[in-house]
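Trainee: I would like to learn how to read a ligand site and a helix pair. Please take me through them.

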Amino acid sequence: MRLLVTGGAGFIGSNFVHQTVREHPEVEVTVLDALTYAGDEKSLAPVADAITFAKGDITDADLVDELVSDADVVVHFAAESHNDNSLSNPWPFVQTNIIGTFTLLEAVRRHGTRYHHISTDEVYGDLELDDPAKFTPETPYNPSSPYSSTKAGSDLLVRAWARSFGVQATISNCSNNYGPYQHVEKFIPRQITNVIDGIRPKLYGTGENVRDWIHVEDHNSAVWAIIERGRIGETYLIGANGEQNNKDVVELILELTGQPRDAYDLVSDRPGHDLRYAIDSFKLRDELGWAPQYENFRDGLAATIDWYTANEGWWRPQKDATEAKYAQLGR
Ligand code: NAD
Ligand code: DAU
């Protein structure tokens, strides 16, 4: 199989490439990545000799056509992915998430290439904190932020290209990922690296918002299950029953790093901040026989703290600029 992975120098994409090289050595991997502020070739260093890397933009139709013409399967991770950035400047989100996905869809349509689209549970909006419900494939789309609305738009393009043009597509909507190689702008790496730097962790609002955490390796094993066994035209929700409120996560990071559990600050809230996400992944489990391997969040978080402690050279170049951006937002 010749696999084209967009966004393979980002957090989830680079972990996906590592997993693929390790567990599917027969697959020929090409990564297409623009190396924006969020992409880092260092994340692919351990597998650099086993893959082909193309630096380029998914909105570049000629480049995308050339790479897709040489692929059997495309897995599309590339995106602008951070909600806070989308509130400061939505344009790159429209450009990459919508125009970029359109460009890929046109190429896979021309070449008849199998396409898997990586998306987010945020397309469904949010749930009340005390609502027992979870998101299912039937939940109506109701995105809140520029980020989630552009991801929702990209999902709808995929559905239309599948139905109207017969594109061989599947979609997955996953909950919040954690693990190695995640940019320090995101919640868990930001707080871990703050503690390492002697800065108090920052909780938005009251800290009561809930996210449904999944280890990145489990997200990627689910993506492989869909590539291998997923039904064309279907949407699969990926989640591992990992609901935690932000305050509990920060307290656990503080405990695991030997700090007092209350050594954090509450800061101003994110505008439009979604309250709670929760995934019902029954379809993935029942139809494709997928199950997560990293169900103990405490152990997964401890391993992630160890990774950031041992890999300061990977995140240090991004840290000051990231905190300067947050300081401007008062967060
Ligand atoms: P990330 O920001 O860490 O990585 C994105 C990658 O895409 C970077 O390497 C960047 O250089 C590349 N990229 C951005 N714009 C590009 C362009 N125009 N052309 C080519 N490459 C470009 O993101 P992530 O957290 O790894 O998320 C990957 C995908 O998974 C996204 O589609 C995101 O919506 C989705 N997702 C993320 C999460 C999560 O918790 N992080 C959860 C569910 C779904
Ligand atoms: O649900 C999937 C989504 O999860 C993905 O689609 C996104 O790409 C990914 O970034 C993530 O979105 P969130 O907005 O949930 O992630 P973030 O890491 O930005 O924040 C997680 C929670 O922590 C959220 O409730 C906001 C809060 N937060 C975040 C930061 C950076 C804080 O309280 N303090 C912080 O410093």
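Mentor: Start with the polar contact: a pair of N or O atoms within 3.5 Å. This is a predicted model, in which local features need pLDDT of at least 70, side-chain atom pairs count only at pLDDT 80 or more, and totals for chains, interfaces and linings use all residues. Residues are numbered from 1 along each chain, chains are lettered from A and ligands numbered from 1 in written order, and side-chain values use heavy atoms, without hydrogens and water.

Trainee: Which backbone atoms lie within reach of a nitrogen atom of ligand 1?

Mentor: A backbone N or O atom of alanine 34 is 3.1 Å from that nitrogen. For oxygen atoms of ligand 1, the backbone distances are 3.5 Å at leucine 35 and 2.9 Å at asparagine 177.

Trainee: How much of ligand 1 does the protein bury?

Mentor: Accessible areas come from the Shrake-Rupley method with a 1.4 Å probe. Alone, ligand 1 exposes 840 Å², and the protein buries 96% of that.

Trainee: Which residues come nearest to ligand 1?

Mentor: A residue is near if one of its heavy atoms lies within 4 Å. There are 28 around ligand 1, and Ile12, Asp33, Ser81, Tyr147 and Lys151 come nearest.

Trainee: At what angle do the axes of helix H10 and helix H11 cross?

Mentor: Helices are DSSP runs (H or I, at least four residues). Axes are lines fitted to C-alpha atoms over the stretch in contact, with angles from 0 to 180 degrees between N-to-C directions. Those of H10 (residues 297-310) and H11 (residues 312-329) come within 6 Å and cross at roughly 75°. Angles of 65 to 115 degrees count as roughly perpendicular, so H10 is roughly perpendicular to H11.

Key: Polar contact = N/O pair within 3.5 Å; in protein donor to acceptor, adjacent residues only side chain to side chain. Helix = DSSP H or I, 4+ residues; strand = E, 2+ residues; numbered from the N terminus. Parallel < 35°, antiparallel > 145°, perpendicular 65-115°, else oblique.
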